[in-house]
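Here are my notes on this structure. Please read them with the sequence and the 3D view open.

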Amino acid sequence: MAEPPLLPLTLRGVRLSRGGADRLHGVDLDLAPGGCTVVMGPNGAGKSLLLKVLHGLETPGAGRIDWNGQAPGPAVTRRQAMVFQAPVLLRRSVAANLDFVLPRHAQARRDDLLAHVGLSDKAATPARRLSGGEQQRLALARALATEPEILFLDEPTASLDPAACLQIERLVLKARAAGTRIVFVTHNAGQARRLADDVVFLHRGRVVEHSPAARFFPTPATQAAKDHIEGRIVLSH
Amino acid sequence: MTPIPLIAAALIALGTPALAQTRPIVVQSTTSTANSGLYDAILPAFEAETGIDVRVVAVGTGQAIENARNCDGDVLLVHAKPDEEAFVADGYGTSRTDLMYNDFVIVGPADDPAGLAGADAAAALARLAGSGALFASRGDESGTHKAEMALWQAAGIDPSEGSGDWYRETGSGMGATLNAAVGMDAYTLTDRATWVSFANPQSHRIWVEGDPALFNQYGVIPVSPRACPSVHTQEAQTFVDWLVSAEGQAAIAGFEVNGQQLFHPNAPAPS
Amino acid sequence: MQDFGSSFALAFRLVLSGDADLIEIVLLSLRVSLSAAALACAIGLPLGALIAVARFRGREALIVVLNALMGLPPVVVGLVVYLQLSRAGPLGFLGLLYTPTAMILAQTILIAPIVAALSRQVLQDMHGEYDEQFRSLALTRGRAVRALLWDARFALVTVALAGFGRAVAEVGAVIIVGGNIDHLTRVMTTAIALETSQGDLSMALALGIVLMVLALGVNAVVQTVQLSAARRSHG
């Protein structure tokens with residue numbers, strides 16, 4: 001690829017308000033190439049909003065975003081992909097949902113992707129008749145089909161049963177192993193331990209901690225992170 | 001955004017009729033001639049003879065004249081002589097020719113509540129106005145409506161004073177007005193052709209007829225190519241010539257409904 | 001009063017006898033109204049999609065106007081089209097008055113706002129659901145609109161049917177611009193109006209029954225195709 005890579009990313013003083021209230025106030029964040037970053041934090045901390053800002057779906061009111069010298073925009077968004085908590089699938093067959101994002105005549109690649117997420121036998125099934133886990137795997141396959149440099153996942157397993165949840169996690173780890181940079185939002189501490197190379201802890205619209213997983217989980221630097229890991233209910237406001 | 005040329009092309013393709021050898025003509029006509037079936041009876045012979053496709057637009061006389069003034073017809077065939085003469089005088093028609101006549105009749109409920117039987121037209125209308133019985137008027141500036149207004153004037157009555165009360169203006173064609181008259185037990189003035197071929201008379205019947213004041217003259221006028229360059233003059237003239245020819249006049253005389261002749265040809269002999 | 005039974009019998013006999021005039025009128029009705037529905041879709045669907053997806057000044061007002069245009073009176077449309085197509089009007093040189101083309105044009109104008117307004121609603125609802133995903137995929141607006149049109153196709157077929165139903169049932173526009181000319185521009189509704197004015201109410205009613213059966217037939221065919229297609233591809 002002729003273009004320079006998107007990473008490292010530098011975020012400085014990013015602010016965003018919604019409904020008259022500040023939701024992100026002054027987020028600073030650096031993301032290096034490679035690995036899986038897990039974004040954690042109590043409900044309302046701004047995890048999803050931060051992800052949308054990174055993916056270019058939300059435009060912050062203030063602050064600087066620098067993708068290795070490139071400003072946010074469609075060209076950056078196109079080189080990323082996102083899996084939402086509730087997958088939005090087209091009202092078409094499973095195969096057609098992948099064809100939608102693949103170049104023409106890419107049947108072989110589509111079949112590989114279907115096999116990769118275990119949906120080969122469902123290719124002709126209407127996508128919206130799949131189970132919740134299958135739908136999320138299809139959404140993940142669609143995201144991978146675009147060969148993103150960075151894959152964002154916003155609580156993709158929040159409404160799935162444990163087995164479906166593990167399938168998604170395995171696929172995410174495979175993608176990471178294949179070189180895709182992962183940014184994964186979850187409020188599930190167990191899942192975070194299984195996936196994270198490093199952890200961004202968000203509290204009240206600020207990044208209060210960003211450290212390697214090996215340090216974050218045994219020795220969180222803030223009381224809020226400590227409470228969150230230990231499963232104590234924390235109100236963000 | 002919208003592919004307008006494409007749509008225009010599709011429109012033309014969808015709507016273009018098969019090309020004919022001779023150009024068709026549009027006749028702006030009063031309704032009585034069309035609704036009684038006169039054209040169905042006489043046109044096939046003309047079309048077979050000349051290959052000219054005659055397209056009849058049947059509307060009230062007032063609207064027919066208006067349409068012809070907009071150059072939307074090649075021939076005008078109506079029954080309101082003063083208006084027809086004005087049409088020619090204004091340069092829209094080349095010349096007006098008497099074509100045929102029939103008569104108006106006053107029809108009403110079977111029990112004749114206003115007691116019109118035996119009266120002439122003016123007396124009948126005078127009687128009707130004071131009787132409390134209803135009268136349905138075309139109210140649409142048609143030839144029949146104009147004839148009706150002339151009759152009221154002759155009777156010395158202004159029916160508009162009873163408008164909405166006993167004088168009901170339908171603003172519709174003859175057929176719709178007859179349906180209304182039958183529906184509300186009202187009297188009405190109609191040309192005999194429409195009445196004889198009208199299929200929903202129920203118990204209504206003719207109460208006034210035979211008065212010379214009820215004479216109904218039809219005229220025919222080719223639309224002038226000077227006023228309307230788009231008219232198919234030659235075909236229009238061929239049609240008018242045929243109508244007033246011995247053959248055309250015989251065809252008109254031969255048209256009967258229920259054994260009754262509806263139109264009496266009276267075109268002047270062609271010179 | 002007229003006897004419905006006799007009208008049904010008459011309608012039945014008309015259809016069974018294969019009356020040539022009736023077949024001609026039925027075919028013209030279908031040709032005119034299906035053409036108008038197709039053209040109204042060609043105009044109304046992209047327009048509805050554009051308004052559903054785009055954000056611009058005056059959008060809300062445009063939607064109000066579009067929705068109001070669904071109530072266009074056919075006779076007014078007929079009159080306006082007549083004034084344009086009349087020899088005395090600006091488009092008189094085309095010679096389209098009193099032709100099926102004029103009738104298609106008038107009905108297209110009548111129902112294009114219906115197609116646009118209803119498809120705008122359908123597509124806007126779906127756009128609300130798809131928008132974030134489409135932005136994530138960084139789709140161009142054209143690609144997003146096409147995807148919406150395709151995914152909403154079953155609902156949009158119903159929109160097209162609503163347009164067709166309005167077209168095939170209206171008399172006010174086609175009688176003015178078509179002239180109800182026998183063997184040229186006479187369609188079901190103008191034939192019904194003519195039979196009514198001639199007092200032949202049972203024939204008028206019989207034709208009305210044929211018209212309703214016709215509309216039922218078109219809807220049944222479309223629905224069958226729609227259902228079987230939906231079963232294959234819809235969730």
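1. Chain B is assigned two parts: domain 1 (4-101 + 215-265) and domain 2 (103-214). Such bounds come from an automatic or database domain assignment. Taken over C-alpha atoms, the centres of domain 1 of chain B and domain 2 of chain B are 28 Å apart.

2. Their contact uses 19 residues from domain 1 of chain B and 19 residues from domain 2 of chain B. Residues are in contact if their C-beta atoms, placed from the backbone, lie within 7 Å.

3. Which elements give two or more residues to the domain 1 side? They are α2 (31-35), α4 (61-69) and β9 (215-222) of chain B. α2(B) gives the most, with 3 residues. Helices (H or I, at least four residues) and strands (E, at least two) are DSSP runs, numbered from the N terminus.

4. This is a predicted model: local features need pLDDT of at least 70, side-chain atom pairs count only at pLDDT 80 or more, and totals for chains, interfaces and linings use all residues. Residues are numbered from 1 along each chain as its sequence is written, while chains are lettered from A and ligands numbered from 1 in the order in which they are written.

5. pLDDT is the predictor's confidence in each residue, from 0 to 100. Chain C has a mean of 92, and 98% of its residues reach 70 or more. Within chain C, helix α1 (residues 4-17) is lowest, at a mean of 84. Helix α5 (residues 100-136) of chain C is highest, at 97. The model scores ipTM 0.91 and pTM 0.85.

6. Chain A and chain B do not touch. Their nearest C-alpha atoms are 23 Å apart.

Note on methods:
Two residues are in contact if their C-beta atoms, placed from the backbone, lie within 7 Å.
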